[in-house]
Amino acid sequence: MELRQKLSILADAAKYDASCASSGVAPRGSSDLGGLGATAPLGVCHSFTPDGRCISLLKVLLTNHCVYDCSYCVNRASNNTPRTAFTPNELADLTIEFYRRNYIEGLFLSSGISGSPDATMERMLRVARSLRREHGFHGYIHLKVIAGCDPRLVALAGLYADRLSANVELPTEDGLRRLAPDKSLAPVHAAMGRMAEAIAESRAEPRAPRFAPGGQGTQMIVGADSGDDATILRASGGLYQSYGLKRVYYSAFMPVVPDSWLPSGPPPLVREHRLYQADWLMRFYGFGVEEILTGARGGMLDPHLDPKLAWALAHRDRFPVDVNRAERADLLRVPGLGVRSVERILDARRQRSLRSSDMSRLRVPLNRVLPFVCLADHLPRDLDDPGLRRRFLPPPVQLSLFDQPGRSEHA
């Protein structure tokens, strides 16, 4: 098969893996190190077209051959799809050629399981080793760790890659057993534990070899099994706490392969969005998982309101917050105030007592913020209003003749 055909097949097969971004990596360039390539401390775009247009990462599988038969995966063993594989040298050379043409900044490499976890991981390592040692490539490399592979291969992967990730895919062992009977969460957690220890040791000892300086991540599929939002967020919270993950990615399930075990409707994109918002609250706003879930109904986040607003409406006794006196942690819990907004408020109030006009100049969404704060010229009067929630709901949508009739909470 020609290289262009391989690229088309294996790039398309990698598009369902969302867990790739280069944020968290320190700047590194060829001007000081020689060779070629550089990293930037910002995230990068992962979109890809086979002719190399408008991309920053080459996001690709080493092979889409796979011995596993996961119901939700387009590369499952029983799926009738064209199969191919790069050789390690082919993929290393392709990455360098794309970089020289200014198509990419780095490589995101995953793979189907061909042969065994050890054999697959070893071939992926040969790609990374060739890029680093033979081509002198200093750009960004993200490697997927194959769960169940030899720990020594994981130790080597962290020396070549800027970020590592091992996907849990589903939040519960029961869901994984039903939809991916060849897999288990135990090997994934074991790999995460080894990576967490190696990352911590590398950061604690300045003279130690760098190990995955961008940290590690994972991905969960949303909506493929019966796991609710509470189950997913509790699993994510446990992973953050136990293994110090940089980020958990949530991927709305897309029915790419017909299967009686799987839902057949459209991907739950709103649900995915709410989970990302909840995840953001855990990582940057000091919220615990159970706090976020106090606004959930039946284990599901409110699809109409973002999780912080839902929490605030369920805890009106915590408001109003005095913008001119409150601690940073309390300001971060006000709906509509982000991390940057809070920092601007803290700086501004050192100079003067803030009023509504000052909040407007700070580009704060007043319609969302004012019901929950007090200012020098403002005191909210409707925190106890039972209809306050309705003010934040999206506008009603007229049903078409083809929609199923039903009552909507905000219709």
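Reader: Thanks! Of the contacts in the protein with a separation of 6 or more, what share comes from residues 24 or more positions apart?

Author: Residues 24 or more positions apart make up 65% of those contacts, where a contact means heavy atoms within 4.5 Å. Before we go on, this is a predicted model, in which local features need pLDDT of at least 70 and side-chain atom pairs count only at pLDDT 80 or more, while totals for chains, interfaces and linings use all residues. Residues are numbered from 1 along each chain as its sequence is written, and side-chain values use heavy atoms, with hydrogens and water left out.

Reader: Good to know. How many helices and strands are there in the protein?

Author: The protein has 16 helices and 8 strands. Both are DSSP runs numbered from the N terminus: helices are H or I with at least four residues, and strands are E with at least two.

Reader: And how much of the protein counts as buried?

Author: 51% of the 411 residues do. Buried means under 20% relative accessible area, exposed means over 50%, and partly exposed is in between, using a 1.4 Å probe and protein chains only.

Reader: Let's look at the sheet. In what order do its strands come?

Author: The open sheet is formed by 6 strands in the order 1-2-3-4-5-6, with parallel pairing. Two strands pair if DSSP finds at least two bridges between them.

Reader: Which strands stand at the edges?

Author: Those are strand 1 (57-61) and strand 6 (247-252). Each has a single partner strand, so one side of each is left without a neighbour in the sheet. From one strand to the next, the twist averages 20°.

Reader: What packs on the sheet around strand 1 and strand 2?

Author: Helix 3 (residues 88-100) does, touching both of those strands. The direction of helix 3 makes about 160° with that of strand 1. Axes here are lines fitted to C-alpha atoms, for helices over the stretch in contact, and angles run from 0 to 180 degrees between N-to-C directions.

Reader: Can we zoom in a bit? How many bridges join strand 1 to strand 2?

Author: There are 5 bridges, and the two strands run parallel. Leu-57 sits opposite Gly-106 in strand 2, and Lys-59 is opposite Phe-108. On the next pair along, strand 2 (residues 106-110) is joined to strand 3 (residues 140-144) by 4 bridges, also in parallel. There, Leu-107 faces Ile-141 of strand 3.

Reader: Are the residues of strand 1 buried or exposed?

Author: Buried: strand 1 is mostly covered, with 5 of its 5 residues in that class. Leu-57, Lys-59 and Leu-61 point one way, Leu-58 and Val-60 the other way, and all are buried.

Reader: What about strand 2, which way do its residues point?

Author: Gly-106, Phe-108 and Ser-110 point one way, while Leu-107 and Leu-109 point the other. In strand 2, too, 5 of its 5 residues are buried.

Reader: Back to helices. At what angle do the axes of helix 1 and helix 3 cross?

Author: The axes of helix 1 (residues 3-13) and helix 3 cross at roughly 90° and come within 12 Å. That makes the two helices roughly perpendicular, a label for angles of 65 to 115 degrees; under 35 counts as roughly parallel, over 145 as roughly antiparallel and the rest as oblique.

Reader: Which residues make that contact?

Author: Helix 1 brings Leu-3, Lys-6 and Leu-7, and helix 3 brings Glu-90, Leu-94 and Phe-98.

Reader: New topic: how many disulfides are there?

Author: The search of the whole structure finds 0 disulfides, taking a disulfide as a pair of cysteine sulfur atoms within 2.5 Å. For Cys-66, the nearest cysteine sulfur is that of Cys-70, 6.3 Å away. The sulfur of Cys-70 is 6.0 Å from its closest cysteine sulfur, in Cys-73, which is too far for a bond. Cys-66 is buried at 18% relative accessibility, and Cys-70 is buried at 4%.

Reader: Last one! Where is there a cis peptide bond?

Author: A cis bond joins Phe-319 and Pro-320, with omega about 5°. Pro-320 is in the loop between helix 11 (307-314) and strand 7 (321-322).
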